[in-house]
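Please read this short report with the sequence and the 3D structure side by side. The headings mark the topics.

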Amino acid sequence: MSIAKLGAVVLDCPDPVALARFYAELLGGEIEDDGSGWVDLKGGAAPLAFQAAPGFEPPKWPSAKESQQFHLDVTVDDLDAAEKQVLAIGATALETDDRSRSFRVYADPAGHPFCLCAC
């Protein structure tokens with residue numbers, strides 16, 4: 001038996017509401033904001049939360065000297081269609097040149113890496 005269960009994945013960021021909107025567009029769900037600097041995204045694929053972090057510095061991609069901290073893998077049916085959609089809602093392409101692979105790497109608007117995966 002486990003000791004605990006995962007409550008949420010929490011992303012530090014400069015603007016929790018804006019980042020929650022990005023992930024709501026990407027994954028679905030409802031945004032809950034009580035104005036405290038903590039925003040929840042509920043009812044989507046997985047529980048996510050966003051926390052205001054003064055002085056936030058996004059991870060560097062790719063960098064052997066600086067950790068990416070974590071990344072999300074998001075499964076899609078059509079990489080090309082999903083790429084157009086995530087770029088339209090504010091993602092940045094990081095590693096997308098090799099079109100033969102089953103994944104592509106992007107950054108969310110706060111700089112956190114995530115992968116679109118056709119796995």
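## Helix 1 and the residue after it

G28 comes directly after helix 1 and has a positive phi, near 85 degrees. Helices and strands here are DSSP runs, numbered from the N terminus: helices are H or I with at least four residues, strands are E with at least two. The model is predicted, so to speak of local features requires pLDDT of at least 70 and side-chain atom pairs count only at pLDDT 80 or more, while totals for chains, interfaces and linings use all residues. Residues are numbered from 1 along each chain as its sequence is written, and side-chain values use heavy atoms, with hydrogens and water left out.

Helix 1 covers residues 16-27, which is 12 residues. From first C-alpha to last it reaches 16 Å, close to the 16 Å expected at 1.5 Å a residue; the expected span is 1.5 Å times one less than the number of residues. Its buried residues are P16, L19, A20, F22, Y23, A24 and L26. Buried means under 20% relative accessible area, exposed means over 50%, and partly exposed lies in between, with a 1.4 Å probe and protein chains only.

## The chain as a whole

The chain has two helices and eight strands. Along the sequence they follow the pattern β-α-β-β-β-β-α-β-β-β. The radius of gyration is 15 Å, close to the 14 Å that the globule rule gives for 119 residues, so the chain is as compact as a globular protein of that length. This radius is taken over C-alpha atoms, and the globule rule is 2.2 Å times the number of residues to the power 0.38.

The C-alpha trace spans about 40 × 40 × 30 Å along its principal axes. Of the 119 residues, 34% count as buried. Among contacts with a separation of 6 or more, 49% come from residues 24 or more positions apart. A contact means heavy atoms within 4.5 Å.

Why is strand 8 described as largely enclosed by the rest of the structure? Five of the five residues of strand 8 (residues 113-117) are buried, so the strand is largely enclosed. In a regular strand the side chains alternate between the two faces of the sheet. In strand 8 both faces are covered, with P113, C115 and C117 buried on one side and F114 and L116 buried on the other.

Strand 8 pairs with strand 5 (residues 72-75) in the parallel sense over four bridges. Two strands pair if DSSP finds at least two bridges between them. Strand 7 (residues 103-107) runs antiparallel to strand 8, and five bridges join them. L116 stands opposite V74 and also opposite R104. The hairpin of strand 7 and strand 8 has five residues between the strands, and in this hairpin G111 takes a positive phi near 100 degrees.

Strand 2 (residues 30-33) and strand 3 run antiparallel and are joined by four bridges. E30 stands opposite K42 in strand 3. Their hairpin has four residues between the strands, and G35 in this hairpin has a positive phi near 80 degrees.

Strand 3 is also joined to strand 4 by four bridges, again in the antiparallel sense. Here L41 stands opposite L48 in strand 4.

## Aromatic pairs

A search of the whole structure finds five aromatic pairs. One of them is Y23 with F50, which is stacked, at 5.8 Å centre to centre and 20 degrees between the planes. The pair links distant parts of the chain, as Y23 is in helix 1 and F50 is in strand 4 (residues 48-52), 27 residues apart. Rings of Phe, Tyr and Trp (its six-membered ring) pair if their centres lie within 6.5 Å; planes under 30 degrees apart count as stacked, over 60 as edge-to-face and the rest as tilted.

F22, Y23, F50, Y106 and F114 form one aromatic cluster.

## The nonpolar core

The largest nonpolar core has 25 residues, of which L19, Y23, L26, F50, V86, F114 and L116 touch the most other members. Helix 1 gives the most to this core, with six residues. Such a core is a set of buried Ala, Val, Leu, Ile, Met, Phe, Trp, Tyr and Cys residues joined through side-chain atoms within 4.5 Å.
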